[in-house]
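Dear colleague,

I am passing on the structure below for you to look through alongside your own notes.

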Amino acid sequence: MSSTLDAAADAPPLARPRSRTDLFVSFTLLALQGFGGVLAVVQRELVENKRWMTREEFVEEWAVAQIMPGPNVVNLSIALGSRYFGFTGALAAVAGLIACPLLVLLALALIYARFSSDAHMVGAVRGMGAVAAGLITATGLKLMPALRKNVLGVPLSAALGAASFVAIAWFKLPLLWVLLAVGGCGCVLAFRKLA
Amino acid sequence: MNPIVLNAGDWLSLLAHYLSLSMLCVGGAITTAPDMHRFLVEEKAWLTDPQFSASISIAQAAPGPNVLFTALMGWNVGLNAGSLWTALLGMLLCLGGIMLPSSVVVYLSSQWSHRNRDLRAVRAFKQGMAPVVIALLVSTGWILTTANGYALKNWPTWAVVAVSTLVVWKTRVHLLWLLGAGAILGWMGWV
């Protein structure tokens, strides 16, 4: 079941999806748990529970999914699905991500039309939003240790990360610029260090 | 709102608009929402302003990837155009349009980058971007937390965010319990 029994003998070997159905079902289940964004659930399910990838691999795949055009969790599922089962694997993962949540969403839209002015309902949605903000923040914090193995080293990684945070959270600069400018610097520095 | 009439050309331009936005949504489909607003609400008047906002907020509250808000926009355009069938058509065109071009590009490039994962440039790209994308997650959390400004009266929201951050970070409590707790706090009007 494992393909990457390598030098990292201290870590147990990685698992992998058994079939396209396994991919489809896994992505359906994690998508249905993803309120306010799926990323936190993807990280917990695929890295911590199913162990299909390491924290470091997850950060790398996420970097690619983020910089590529398109919805980024969809991009991540395409990358993952195609890695195991090629084109049909990508289809299975994306279909799992989209199909059931779409039905739930339509049902909710029909219900919401009736209750949208109810103060309790609005409050419940706001409360879930606050928790979702915490999920995203915690996912970022949990991935930080992956930077210890980064070729940039901890001080440089911290500086680049802090610069991105200030640019986006504080100055509200457009994401694309930050990715190109700060991310670009990071890539050039990493390229030189890898020599 | 009054029913609107969409001919074949209008449906095509709806699809074309979402196809063209697909390659522009770097960092999440939500970044192109302002342009969808310009097109659907201001230019074409296919959606009302409240319908547009509701499409986004319902999708945020529902499980699943955020990109599904585009499906809801198409659904509402179709409902305005008359029937459940046109609603289904609108949903397919918008969601399909926003996903198709970028997905093809991502599929091809992820195949390529996985085959060439030992290439120095590929490794440099992934390693160099890592600190930035991790910081992005924390930034997103920060922006969501402070969406109502920095006024001190927002402290209950901040407290909920802080507690849920700590619990998710340090424990393995199931995420649905936390979301349920948040929903109850909000329902009671405490957050």
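Helices and strands are named here as DSSP runs numbered from the N terminus, a helix being H or I over at least four residues and a strand being E over at least two. Please bear in mind that this is a predicted model, in which local features need pLDDT of at least 70 and side-chain atom pairs count only at pLDDT 80 or more, while totals for chains, interfaces and linings use all residues. Residues are numbered from 1 along each chain as its sequence is written, and chains are lettered from A and ligands numbered from 1 in the order in which they are written.

Chain A first. Chain A has 7 helices and 0 strands, and its C-alpha trace spans about 60 × 45 × 30 Å along the principal axes. Of its 195 residues, 51% count as buried, where buried stands for 20 or more other C-beta atoms within 10 Å of a residue's own, exposed for 12 or fewer, and partly exposed for anything in between, with C-beta atoms placed from the backbone. When contacts in chain A between residues at least 6 apart in sequence are taken together, 54% of them join residues at least 24 apart; a contact here requires that the C-beta atoms of two residues, placed from the backbone, lie within 7 Å.

The domain assignment of chain A gives domain 1 (20–149) and domain 2 (150–195), such bounds coming from an automatic or database domain assignment. The C-alpha centres of these two domains lie 24 Å apart, and 4 residues of domain 1 of chain A are in contact with 5 residues of domain 2 of chain A. On the domain 1 side of that contact the residues divide into 2 nonpolar, no polar and 2 charged, with Ala, Val, Leu, Ile, Met, Phe, Trp, Tyr, Cys and Pro counted as nonpolar, Asp, Glu, Lys and Arg as charged, and the others, Gly among them, as polar.

Two loop residues of chain A may interest you for their backbone angles. A:R51, in the loop between α2 and α3 of chain A, has a positive phi of about 55 degrees although it is not a glycine, and it counts as partly exposed because it has 16 C-beta neighbours inside 10 Å. A:K172 sits in the loop between α6 and α7 of chain A and has a positive phi near 55 degrees, again in a residue other than glycine; with 10 C-beta neighbours inside 10 Å, A:K172 counts as exposed.

Turning to the interface, 86 residues of chain A are in contact with 78 residues of chain B. The largest share of the chain A side, 21 residues, comes from α5(A), and the residues of that side divide into 57 nonpolar, 24 polar and 5 charged.

Axes are lines fitted to C-alpha atoms, for helices over the stretch in contact, and angles run from 0 to 180 degrees between N-to-C directions. α5(A) and helix α7 (residues 155–170) of chain B pack at an angle of about 40 degrees, with their axes 7 Å apart, and they are therefore oblique to each other. For these terms, angles under 35 degrees count as roughly parallel, over 145 as roughly antiparallel, 65 to 115 as roughly perpendicular and the rest as oblique. The residues that meet include A:G127 and A:K142 in α5(A) and B:T157 and B:W169 in α7(B), and by class this contact has 10 nonpolar, 6 polar and 1 charged residues.

With helix α6 (residues 120–145) of chain B, the axis of α5(A) comes within 8 Å and crosses at roughly 160 degrees, so the two helices are roughly antiparallel to each other. Among the residues that meet are A:G129 and A:L143 in α5(A) and B:I134 and B:T145 in α6(B), and this contact has 7 nonpolar, 8 polar and no charged residues.

Finally, in chain B, B:G97 is found in helix α5 (residues 84–115) and counts as buried, with 20 C-beta neighbours inside 10 Å. B:G97 and B:L15 are 82 residues apart in sequence and 5.7 Å apart in space, C-alpha to C-alpha. Leaving aside residues up to four places away in sequence, B:G97 touches B:L15, B:Y18, B:L19 and B:S22.

With best wishes
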